[in-house]
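Trainee: I would like to go through a protein model and ask what stands behind each word used for it.
Mentor: Then look at the sequence and the structure first.

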Amino acid sequence: MTDVRNGSSQQSAVGVQSTQVRADARTAKKPLGAKGPKVLLCLALLVAICPLCAGETGAEAWLRYHDLKTSSLPTLVAAVGNSNVVRTAANELIHALAGKSKAQGPAGQLPAKDAFVLGTWKDIHALFPELPAARLPAGDGFWLKTVRSRGAKYWLIIGRTDRGVLYATFSLLARIGQQKDVSTLDDVQTPSAPIRWVSEWDNLDGSIERGYAGRSIFFDNDAVRADLTRAGQYARLLASIGINGCAINNVNASPRIVAPEFIPQLAHVADVFRPWGVKLAVSVDMSSPMVVGGLKTFDPLDPQVAAWWQHTVDEIYRQIPDFGGFVVKADSEGRSGPSQYGRTAADAANVIARALKPHRGILMYRAFVYNHHLDWRDMKADRARAAYDYFHPLDGKFEDNVVIQIKYGPIDFQVREPASPLFGTMPNTSQAIELQVTQEYTGQQRHLVFLAPMWKEILDFDMHVGTAVVSRRSSVVGKTPVKDIVSGKVWHQPLGGFNAVVNVGLDENWLGHPFAMANLYGYGRLAWNPNLSSEQIAEEWIRLTFGSSPQVVSTISKMLLSSWHIYESYTGPLGLQTLTGITGPHYGPGIESSERNGWGQWHRADSQGVGMDRTIATGTGFIGQYAPFAQKIYEPLANCPDDLLLFIRHVPYTHVLHSGKTVIQQIYDSHYDGATQTAELVAQWKTLKGQIDEDRYSATLKRLEYQAGHAIVWRDAVVNWFNRISGIPDAQDRVGHHPDRIEAENMQLSGYAPIDVTPWETASGGKAVACTQTECSASFQFSGSSGTYLVAIQYFDQNNGVSKYQLFVNDKIVDSWAADDHLPSDKMNGHTSTRHVTEGVALKSGDVVRIEGNPDGGEPAPLDYVELHRI
Ligand code: GCW
């Protein structure tokens, strides 16, 4: 048989190969599987390995298949059985290893030559009866096994289900992609939990709630897109990390999603998911029986309502037989829900779950239920209590195809929260953890934040319910980390697992920031195996995404693994939560926005102290929702970890932390350190120039440079705010002192007028200047020592115009730029404050530095300050 790698052309290689396959079939002494399952033979042709590719969009994510070392691998791919998913797996292998392929089958038996052989256990076992059944993987698990048989070597790719075959294939390819030896394999893997889903918060009009990478890949113009190519590509990415379900629409669901005219459209999405083993799911609104069904009620206990759900679900399954199920957000943030009829979440969940049950569908009911009109003045009111207060009493009352989907922390995807206490208190209910890949509160994919380390802390947190709770099925002893609770292991639940909000968009690289895909990758890997370390996940992702050069791996690992702490340190240390504009886009600083309103994300900072008292002794009692042992970690001040202190206690600013610093000094230091470390991320990335393709190198650099500027905005806003409210100076005298800074309002202004910025802490000195004419200028005379300077110009880039700016030194133009970023506000504030840096500007004393601004639309070419740094 010709080795196609040496074939002179594709044409001749194919010809030789097909002849040889027939010859093999005739001459094999004892054909394998002659009476066995159908075997599909495929031919793999290798293509030239991609060099350091000139430019990459990131669209391929971790499935680039560059630099694969394949010389010792077989060139034949044999898919056993009739499954489409197995065929997808075979094609993926061919695509990865060869680039081009030609199907040769179906043939009657296995080739008598080295080959990859893919199939489910049933089919493979028929061909290789010597394989021990004891190794059979569970659930969607797989077995990768090399065997020698009748003079040939086979790389067996076995799943218990056809999905398992696909996961095995991707796992094998990931190993090859990471340049690991795959010449001998014997690896059984079983996913941690049956539910490994993602959710997309896409609206039917094509917009995405909390999406930061373009419009929906599923919907446009109140319909499913005609072209679902991207949706299919997304399913491939999901399958490659073991994800088996995707809920494609916003949990703030349009009832129309289950309208009769919409279901056939959903079927199109299911069609492109199916080859990848990804089940389609949708989010539904509780009021659908009224809004879509025309009933007078959506009371879950009304028989007509139950009949409507049954009829609707039956219709969905008639058109989409492998439909996954529903996600429900009810009685939350203004959504309709069972409370309108005095019914419980169990009543609501069960009426839908019963309709799904005959079809084996799952109902994910979100525990994100809280009152967003809490009384701020009530010191006992606490949003963090809500999930437990609503759901704990309902334990054991749900149908067994209901899964309670619990956000990792008790508030809302903040940069740091303790694990939700609800995880430890529903022994008779299946649970799933809800994570957020889309970085709503963690920099919206403009800031680099690798979230796997944060998720690991939650998943590894021991709820200490081992001996405290006895379920109706069994008692539990030993460790009870969140990961074992949600996987159903602790209380032997039939279901359970993971759901993450991802919100990919039409941007070519799916999530905007080239590094953001590390979070999707990390999510999938942790849902598959929550015992993996963040370090391992980071390394896998880097090798597959950027290559295996040691410098690339070590530099990017360092960047990824430090990034969460860095972000936390300048946006919400000590358990303050993300100090962002709560009532706005959840992006830049907005420290007071969380206070004096009903949303309950309070930090309660006043002139004396800061933090929410959630203790049992004096606070809201939230800590009492944990098991006694976990209470002991948090309740005594002497034990309470520094990084959650202000989530749990209200303390004076002078309170001394375990670290030995006062709270206020830690707030200051943490923000200065965070901004410095963010600048270091830029420097670290720059060491990789020439080792990463130019497109992804410069796209990443641009985001990191922006982040470094925005970290300064965050730093200054938070330290100034706490300095003003506490009245306590920074021991290092940094706060409010900017010797290199010239405020725009203090410059010589022509056409520009000073303006108060709201909130005040988001502009230097609380003020900026806005241009009231078609062209304005702000200038100052340089009085420092002569030299070359870096000129940083801080301005506001609103999303309601593209102002233009020019920088002059003594009437000579030095630089120009447009405020054309898409930051999430049409006002001057912490969301829009950004900087333009001009390097290498020669200045001598007496020079006049001038900035000219041309407003556009509603954006008045605003300026905050200029900073000069001698290089
Ligand atoms: O984090 C908040 C978001 C809302 C979201 C809600 C939820 C879809 O700000 O945009 O609504 O959580 O999780 O339901």
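Predicted model: local features only at pLDDT ≥ 70, side-chain atom pairs only at ≥ 80, totals over all residues.

Mentor: Residues are numbered from 1 along each chain as its sequence is written, and side-chain values use heavy atoms, with hydrogens and water left out.

Trainee: What does the secondary structure of the protein chain come to?
Mentor: The protein chain has 19 helices and 30 strands. Both are DSSP runs numbered from the N terminus: helices are H or I with at least four residues, strands are E with at least two.

Trainee: What makes the protein chain as compact as a globular protein of that length?
Mentor: The radius of gyration, taken over C-alpha atoms, is set against the globule rule, 2.2 Å times the number of residues to the power 0.38. For 871 residues the rule gives 29 Å, and the radius of gyration of the protein chain is 29 Å, so the chain is as compact as a globular protein of that length. Along the principal axes, the C-alpha atoms fill a box of roughly 95 × 70 × 55 Å.

Trainee: How many of the residues count as buried?
Mentor: Of the 871 residues of the protein chain, 63% do. Buried means under 20% relative accessible area, exposed over 50%, and partly exposed in between, with a 1.4 Å probe and protein chains only.

Trainee: Which contacts join residues at least 24 apart?
Mentor: Contact means heavy atoms within 4.5 Å. Among contacts between residues at least 6 apart in sequence, 74% join residues at least 24 apart.

Trainee: How do you know that the span of helix α19 agrees with its number of residues?
Mentor: The expected span is 1.5 Å times one less than the number of residues. Helix α19 (residues 694–726) has 33 residues and should span 48 Å; its end C-alpha atoms are 47 Å apart, so the two agree. After α19 comes Gly727, with a positive phi near 70°.

Trainee: Why is helix α5 called mostly covered?
Mentor: In α5, 10 of the 12 residues are buried. Among them are Arg230, Tyr234, Arg236 and Leu238. The cover over the buried residues of α5 includes α2, α4 (162–177), β8 (195–199), β11 (245–247), α6 (263–273) and α13 (517–528).

Trainee: How far does α5 reach?
Mentor: Helix α5 (residues 229–240) reaches 17 Å from its first C-alpha to its last, close to the 16 Å expected. Gly242, whose phi is positive, near 85°, follows α5.

Trainee: Why is Glu92 called buried?
Mentor: Glu92 has a relative accessible area of 4%. The cut-off is under 20%, so the word applies. Glu92 lies in helix α2 (residues 84–97). Leaving aside neighbours within four places in sequence, Glu92 is in contact with Tyr65, Phe170, Leu173, Arg236 and Trp276. Glu92 and Leu173 are 81 residues apart along the chain, and their C-alpha atoms are separated by 9.1 Å.

Trainee: Is Ser783 buried or exposed, and how do you know?
Mentor: Ser783 has a relative accessible area of 65%, so it is exposed, the limit being over 50%. Ser783 lies in the loop between β24 (776–781) and β25 (787–796). Between the C-alpha atoms of Ser783 and Trp276, 507 residues apart along the chain, there are 65 Å.

Trainee: What makes Phe450 buried?
Mentor: Its relative accessible area is 1%, so Phe450 falls under the 20% limit. Phe450 is placed in the loop between β16 (430–436) and α11 (452–460). Beyond its neighbours within four places in sequence, Phe450 has contacts including Ala518, Ile537, Leu560 and Trp564.

Trainee: Which peptide bond is cis?
Mentor: The bond from Thr758 to Pro759 is cis, with omega near -10°. Pro759 lies in the loop between β22 (752–756) and β23 (767–771).
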